[in-house]
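Welcome! Please take a moment with the sequence and the 3D view before reading on.

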Amino acid sequence: MVTETLKSDSSYQAIFNEMQNTSRPSWLKRLQRTAFERFEEIGFPSVRDEEWKYTNVAPLSKINFNPNGATSSAIPDVTQFANTEANKSQLIFVNGILRQDLSDLSAVAADVVLLDLAAAVNDEKYAEIVRAQLGRTADHVSNGFVALNTALLNTGAFLYLPKKKNIETPIHLLFLTDSSQENLITSPRVLVVAEESSSATLIESYASARDEIYFTNAVVEVVMNENARLEHYKVQRDGHGAFHIATTAVTLARNSCYNTTTITLGAQLSRHDIRVSLDDEGAECSVDGLYIVSTGQHTDTHSVIDHRKPHCTS
């Protein structure tokens, strides 16, 4: 495989080393180390790779990205990116960092878990769930972007839906880039675990009021247990200088249902990989999308729906 990235001397090595020095469970450090080693082996894909022949990500390898963006001292205006129905059920991240002062979970039921992924990793109630599921659905072995996201994993969201819980109020995850410094990289990671017969609506959005160059490398893993249902909407409104690479990986158990709609509006270059595995009979999914782009923008959506068992619908 011909790659479009530098090896161990890349700027990502310094970012990875810095993160390895932070306090986190040993299992997570091992996962990140394995992922980074794999990233060094395979790098970013090139147009010679069949699945990437329509999207050239070579410009990414020419920029030294920095995980520490300079943020304005003013509180960012998130109202223009908010969702009215989810005003009181949203987590807001700014430059990859959860902002508790901007978030509001007052409408989220007490038995529904929605918190910062870093907090979930260190919470004895949820640590084993995260450990069991994180990195199992999204492929960091063959996908260089997933490997890099896993290696640089620092923050994100953990959503846990308990058995037979029907969540009527949509849940909103807003990832906002608000940095005056160019070449910022963020690696949002979202883990959703829907237990048996649970249901919810999830809105995942990315936005920026600025047009500086930055790189959002996002990974979402969704685990659907028996009879669970999830409506998933993704809205990408990154600035016109942005690079947006995203992977959504979903596994469906017996009689579970996953419906997703992606709306792509922003970024100079965007790519969304959607991989849905129907792992048991009766599972069903629907994958839809809309893009509106103009001159100077490139967008690519690549979907794989794997019918691993019979009597499934997509």
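Here is a short tour, grouped by topic.

This is a predicted model, in which local features need pLDDT of at least 70 and side-chain atom pairs count only at pLDDT 80 or more, while totals for chains, interfaces and linings use all residues. Residues are numbered from 1 along each chain as its sequence is written, and side-chain values use heavy atoms, with hydrogens and water left out. Helices (H or I, at least four residues) and strands (E, at least two) are DSSP runs, numbered from the N terminus.

**A covered helix**

- Helix H5 spans residues 144–151 and is mostly covered, with eight of its eight residues buried; buried means under 20% relative accessible area, exposed over 50%, and partly exposed in between (1.4 Å probe, protein chains only).
- Among those buried residues are Phe145, Leu148 and Asn149.
- The cover over H5 includes helices H1 (11–20) and H2 (26–42) along with strands S7 (189–194), S9 (214–224) and S11 (243–252).

**Two helices side by side**

- The axes of H1 and H2 come within 11 Å and cross at roughly 170 degrees; axes are lines fitted to C-alpha atoms, for helices over the stretch in contact, and angles run from 0 to 180 degrees between N-to-C directions.
- That crossing makes H1 roughly antiparallel to H2, a label for angles over 145 degrees.
- Tyr12, Gln13, Phe16 and Gln20 of H1 meet Lys29, Gln32, Arg33, Phe36, Phe39 and Glu40 of H2, where contact means heavy atoms within 4.5 Å.
- Sorted by class, this contact of H1 with H2 has four nonpolar, three polar and three charged residues; Ala, Val, Leu, Ile, Met, Phe, Trp, Tyr, Cys and Pro count as nonpolar, Asp, Glu, Lys and Arg as charged, and the others, Gly among them, as polar.

**Nonpolar cores**

- A nonpolar core is a set of buried Ala, Val, Leu, Ile, Met, Phe, Trp, Tyr and Cys residues joined through side-chain atoms within 4.5 Å.
- The largest such core has 35 residues, of which Leu159, Leu173, Met224, Leu230, Leu252 and Val276 touch the most other members.
- Strands supplying at least two residues each to this core include S1 (90–94), S4 (156–161), S5 (171–177) and S13 (269–278).
- S9 gives the most to this core, with four residues.
- Beyond its neighbours within four places in sequence, Leu159 is in contact with residues including Val112, Ile171, Leu191 and Leu202.
- A second, separate core of 23 residues includes Ala35, Phe36, Trp52 and Val57.

**Loop residues to look up**

- Gln297 sits in the loop between strands S14 (284–291) and S15 (298–307), and is buried, with a relative accessible area of 15%.
- The side chain of Gln297 reaches the backbone oxygen of Ala267 at 3.0 Å and the backbone nitrogen of Ser294 at 2.9 Å.
- Leaving aside neighbours within four places in sequence, Gln297 is also in contact with His240, Leu265, Gly266, Ala267 and Gln268.
- Asn227, in the loop between S9 and strand S10 (229–237), has a positive phi near 65 degrees and is partly exposed, with a relative accessible area of 31%.
- Asn255, in the loop between S11 and strand S12 (257–264), has a positive phi near 60 degrees and is partly exposed, with a relative accessible area of 38%.
- Most residues other than glycine have a negative phi.

Conventions:
A polar contact is a pair of N or O atoms within 3.5 Å; within protein, one must be able to donate a hydrogen and the other to accept it, and residues adjacent in sequence count only if both atoms are side-chain atoms. Angles under 35 degrees count as roughly parallel, over 145 as roughly antiparallel, 65 to 115 as roughly perpendicular and the rest as oblique.
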